[in-house]
Amino acid sequence: MAIIKPFKGIRPPQALIEQVASRPYDVLNSEEARKEAEGNEKSLYHIIKPEIDFPVGTDEHDEAVYQKAAENFAKFQKNGWLVQDEKEQYYVYAQTMNGRTQYGLVVCASVDDYLKGNIKKHELTRRDKEEDRMKHVRINNANIEPVFFAYPDNAELDALVKKYTAQTPVYDFVAAHDGFGHQFWIIDNEADMARITELFAAMPSLYIADGHHRSAAAALVGAEKAQQNPNHTGKEEYNYFMAVCFPADQLTIIDYNRVVKDLNGLTDEEFLAKVAENFVVEEKGEAIYKPGQLHNFALYLSGKWYSLTAKQGTYNDNDPIGVLDVTISSNLILDEILGIKDLRSDKRIDFVGGIRGLGELKQRVDSGEMRVALALYPVSMKQLIDIADTGNIMPPKTTWFEPKLRSGLVIHSLD
């Protein structure tokens, strides 16, 4: 069962939402955050990217930077830029991109569910990134940013959400940076809240879509607090962490592509000949070519696009990991031909989210920064859930969800 509960959200007043709300901490660097927050003392970047309040070049992992986050969080509350709701509630958060809207329930998920594996993951986490987020949660005593979950489709939950989204939203704005729409409603009816809790309790699992490090950090800090409290009961607020849960059928995963600095000593002709051993290679010319289906790839090399289609026998349809296009391309091109063994650590490879478009791949190769680009067909939600359900882990840089959750709409205190 999936245990969730409502919570007393800490939120901006309606008039300040656009000043406070920001992109998530991990989708931009310090300088980009500094620029976006320029002239805006109410920007959440002062809490989630507090290095912007220090001289350029300050290490974002310096203890003084974490301390500044807590100081700013306290300042925001003191100044009334963030105000805690008086009663526990659920919330609905809608995102609109390219005319398509997805509706998520903002809830508190159970630390125990994460630790027991009822909240399923599909990516490995890195300890250094976990520790960074753990420090941020500890010093603020709050989940400042939510994690992004998927849940199995449920018609009754859809109907409950629709009941609230028919009303006037508390927040309704279009983010200047990306042009995506964001809307937010409060669910405070006791009977509706109880029913939402019951419907989640009937679900065997929730799935982390995005935010594996935030999930791990939130759960580990919650477990720490439980150990440190001699009067721990299991009912404390630190036993939960904030998540936005979307029905799986509303979510779209977009492509996550690769660019490589060199051909591992090969000429273009030698490289393409090796690729042709496992793929049907078709030259497509100078116009951008986008993969049209699973096991079809786009390759950009020396001003030309190529279609690559994996040959039968080069993958196993019955292996949830082996059938993934990231696995096929990693094994048969990146590893076998280009000598890239570890996607996490090899400095010769970089990754480009599909939201930037295939033109970004072309530009990085044409500029001479990179030698070759490889575009993949996106993974499906069904593949992600199948992999999580079988206890498998996807290769690095497999999924890219868009739109990203906006931070600052609501915060969860661990007290």
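**Entry 1: terms and model.** I count a residue as buried when its relative accessible area is under 20%, as exposed when it is over 50%, and as partly exposed in between, with a 1.4 Å probe and protein chains only. Helices (H or I, at least four residues) and strands (E, at least two) are DSSP runs, numbered from the N terminus. I note that this is a predicted model, in which local features need pLDDT of at least 70 and side-chain atom pairs count only at pLDDT 80 or more, while totals for chains, interfaces and linings use all residues. Residues are numbered from 1 along each chain as its sequence is written, and side-chain values use heavy atoms, with hydrogens and water left out.

**Entry 2: helix α6.** I looked up the span of α6 and found 14 residues reaching 20 Å from the first C-alpha to the last, close to the 20 Å expected at 1.5 Å a residue; the expected span is 1.5 Å times one less than the number of residues. Which residues of α6 are buried? I listed Glu130, Asp132, Arg133, Met134, His136, Val137 and Asn140. The buried residues of α6 pack against α3 (45-48), α4 (63-78), β7 (142-143) and α9, where contact means heavy atoms within 4.5 Å. After α6 comes Asn141, which has a positive phi near 50°.

**Entry 3: Glu130.** Glu130 counts as buried because its relative accessibility is 10%. Setting aside neighbours within four places in sequence, I found Glu130 in contact with Thr125, His213, Ala216, Ala217 and Leu220.

**Entry 4: α6 against α9.** Two packed helices are described by the angle between their axes and the distance between the axes. The axes are lines fitted to C-alpha atoms, for helices over the stretch in contact, and angles run from 0 to 180 degrees between N-to-C directions. For α6 (residues 127-140) and α9 (residues 212-228) I noted that the axes come within 8 Å and cross at roughly 55°. That angle makes α6 oblique to α9, since angles under 35 degrees count as roughly parallel, over 145 as roughly antiparallel, 65 to 115 as roughly perpendicular and the rest as oblique. The crossing of α6 and α9 is right-handed; a crossing is left-handed if the near helix is turned anticlockwise from the far one by less than a right angle, and right-handed if clockwise. From α6, Arg127, Lys129, Glu130, Arg133, Met134, Val137 and Arg138 meet His213, Arg214, Ala216, Ala217, Leu220, Val221 and Glu224 of α9. I sorted the residues of this contact of α6 with α9 into six nonpolar, one polar and seven charged, where Ala, Val, Leu, Ile, Met, Phe, Trp, Tyr, Cys and Pro count as nonpolar, Asp, Glu, Lys and Arg as charged, and the others, Gly among them, as polar.

**Entry 5: α7 against α8.** At what angle do α7 and α8 pack? I noted about 150° for α7 and helix α8 (residues 190-201), with the axes 10 Å apart. That makes α7 roughly antiparallel to α8, and the crossing of α7 and α8 is left-handed. Glu156, Leu157, Leu160, Lys163 and Tyr164 of α7 make the contact with Asp192, Arg195, Ile196, Leu199 and Phe200 of α8. The residues of the contact of α7 with α8 divide into six nonpolar, no polar and four charged.

**Entry 6: Asp153.** I then turned to Asp153, in the loop between β8 (147-151) and α7 (155-165). With a relative accessible area of 46%, Asp153 is partly exposed. Beyond its neighbours within four places in sequence, Asp153 is in contact with Pro247, Ala248 and Asp249, and its C-alpha is 8.8 Å from that of Gln250, 97 residues apart along the chain.

**Entry 7: backbone.** Most residues other than glycine have a negative phi, and most peptide bonds are trans. I recorded a positive phi near 50° for Ser302, which lies in the loop between β16 and β17 (304-310). Lys397, in the loop between α13 (381-389) and β20, has a positive phi of about 55°. I also noted a cis peptide bond joining Glu402 and Pro403, with omega about 0°.
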